[in-house]
Amino acid sequence: MTTLWPGLPYPLGATWDGVGANFAVFSDAAEQVWLCLFGPDGHEEQLELTEQVGSVWHGYVPSISPGTHYGFRTATAKTVPGDLTNPHKLLLDPYAKAIDGRVQWDDAVDSPDARERDSAPFVPRSVVVNPYFDWGNDHHPRTEWHETVLYEAHVKGLTMSHPDVPEEQRGTYLGVASAPIVDHLKALGVTAIELMPVHQFIHDRRLIEAGLSNYWGYNSIGFFAPHNGYALSGGPAAAVHQFKLMVKALHAAGIEVILDVVYNHTAEAGRGGPVLSFKGLDNGAYYRLDPENPDNYIDYTGTGNSLNMRHPHVLQLIMDSLRYWIEEMHVDGFRFDLAATLARELHDVDRLSAFFDLIQQDPIVNKVKLIAEPWDVGEGGYQVGNFPPLWSEWNGRYRDCVRDVWRNSTTPLGEFAARLGGSSDLYEHDRRRPHASINFITAHDGFTLTDLVSYEHKNNLANGEDNRDGTDDNRSWNCGVEGPTSDPEVLELRARQRRNLILTLLVSQGVPMLLAGDELGRTQLGNNNAYAQDNEISWIDWATADSSMLDFTRSVLHLRRDNPALSRRRFLTGRPVNGSQMPDIAWFRPDGHQMNDDDWGNGSGRVGFWLNGELEETGKHGEHISGRTLLVIFNSSSEAVEWILPEAEWGEDWRIAVDTADPCSVAAVGRLTACSTVSMVGHSCLVLEQL
């Protein structure tokens, strides 16, 4: 019989010390807690934890080794509404560093009528891990925010079809770490990869039974364990080791790793959902229950439950998880899914919530990059511009505005100018900087860039929901034909529109985020909600990559990287800089004159900005910073325009650096002079550099 010593109540989870392992788990609801150890043959041994400090149950098992599988069971004699403790349900450790196996859907897991059936044969196991890893000289790249370029990617989708990634590594952490992927990211010019969820997640029963899967992974069950489905074989803790190898390889290339984290809900869903971990440990502590009917869950996420951010042990769980991924896994930041949910204390979203207070004062977490998806599905959940100063935000208003401008809507030029300038109207009021705005046009949720210019209506039938899922507010334009076409004029216009959108993103102040594959022309065939498509719909098809689009994206990213005027640390003001008469930015009409107050309300889609290459900013060592003065001209209307360049005081000589109408011809265009005329076709833009 296995020996059990009293152990310690902290740290929570399983902690191997080279001799044995300490186990500690929180449950205020339980009156009995058992540690369940599993041998190589699957035999279960139950050890009752009798030591308790507060609501933390603990014990120490000597002579235990890494790789040991374990779980917990709970019981109580109390009758409490909403209580789900049940000794027949094997529970994952909320602090498990590795998880082996996956849910095999059976009524023992999620049926209220099977409360007395043992769930152990059908659920994954927590795993004791050896924390040692040779990090060598690994260090956080710590790219400054204003120099950051994000690349949102899926571990499997990025690597699964790449012909140069070793076949056994495709779809894995090691695939992301492989030379073909790292070389692509470096050559492209991105500084950080933002990985879609890699916390251990569950594939919903409904999807499995429909022959689909939870491909995106926004269905977490383990906030400390890297998802085991992205690891090669190599033992139950292989995912931990291989994730670290991935981070180390990316850091060696100067690329940061940002994790998309889902702390707003879990895979246990709502009433009738599976009992896998939190529900069976302490349902009322971990989740927001309906005070009128504790058998029901308050749901701000649309997924069945919301974590209870008012409970200290839930807040501790999240903070411990964040610190673990920074300190032990060496990640560089986080993007918080549906972050408005995390700030709900009672009902309303609260900027002074305990969650934000903890982030602000934590000496480890407050030093990494923090990105909010600043909305949820609850009342008052759209909070763009309202997060505290430490945070950057996915700027949904930027996405919507830029899409509207290029689909030839009547968007006021004042709105467009605000988004191009870093959205100071949203972020400057509380002294935030332009990097508070994460600018994006496409993301995992919605059309890809190619589909944005090819479809006006979603095509989600493959999801098995009769095309009801996914948004209908796509703000897209198909350029005259819905879906695939062989019409050369439509294809040329679509290619130009993709270049227009990429260029707009990369000449905007703030932090640009690219969706993986947009630089290659990736399509999802009009599916704007491919959450369940673990197949060619979602995977990047490297074999059919659009090389011209890749070259264009690289060139504009390099233009941005090489010119600090495009990525300023402070908001533009329109006032003179460095004692000169020239402002940091000025806005122009096609007739060569500056915009006046009456011009800002029109929706002509024709506007240009002059961007001063002289900056009133210094580098990290106090050095003077300067770039090249630019003139960026937009013509999102369908009509051609003769654009007159400004007078000589704004620059006597210019050259075309980028022309989205014909990117291959810019070198052939000679010097342009002040007050000369430039011909622009409809739906195009130009970047001119002052000579």
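Tutor: Helix H4 (residues 179-188) and helix H15 (residues 547-562) pack with their axes 8 Å apart, at an angle of about 55 degrees. This is a predicted model, where local features need pLDDT of at least 70, side-chain atom pairs count only at pLDDT 80 or more, and totals for chains, interfaces and linings use all residues. Residues are numbered from 1 along each chain as its sequence is written, and side-chain values use heavy atoms, leaving out hydrogens and water.

Student: Why are H4 and H15 called oblique to each other?

Tutor: Angles under 35 degrees count as roughly parallel, over 145 as roughly antiparallel, 65 to 115 as roughly perpendicular and the rest as oblique. The angle of H4 and H15 is about 55 degrees, so the two helices are oblique.

Student: Which residues make the contact?

Tutor: His 184, Ala 187 and Leu 188 of H4 meet Leu 550, Thr 553, Arg 554, Leu 557 and His 558 of H15, where contact means heavy atoms within 4.5 Å.

Student: What makes residues of H11 line one face of the helix?

Tutor: In helix H11 (residues 413-420), Leu 413, Phe 416, Ala 417, Arg 419 and Leu 420 are buried (under 20% relative accessible area, with exposed over 50% and partly exposed in between, for a 1.4 Å probe and protein chains only). Down the axis of H11 these buried residues fall within an arc of 160 degrees, so they line one face. The arc is that of the directions from the helix axis to the C-beta atoms.

Student: What follows H11?

Tutor: Gly 422 follows H11, with a positive phi near 105 degrees.

Technical notes:
Axes fitted to C-alpha atoms, helices over the stretch in contact; angles between N-to-C directions. Helix = DSSP H or I, 4+ residues; strand = E, 2+ residues; numbered from the N terminus.
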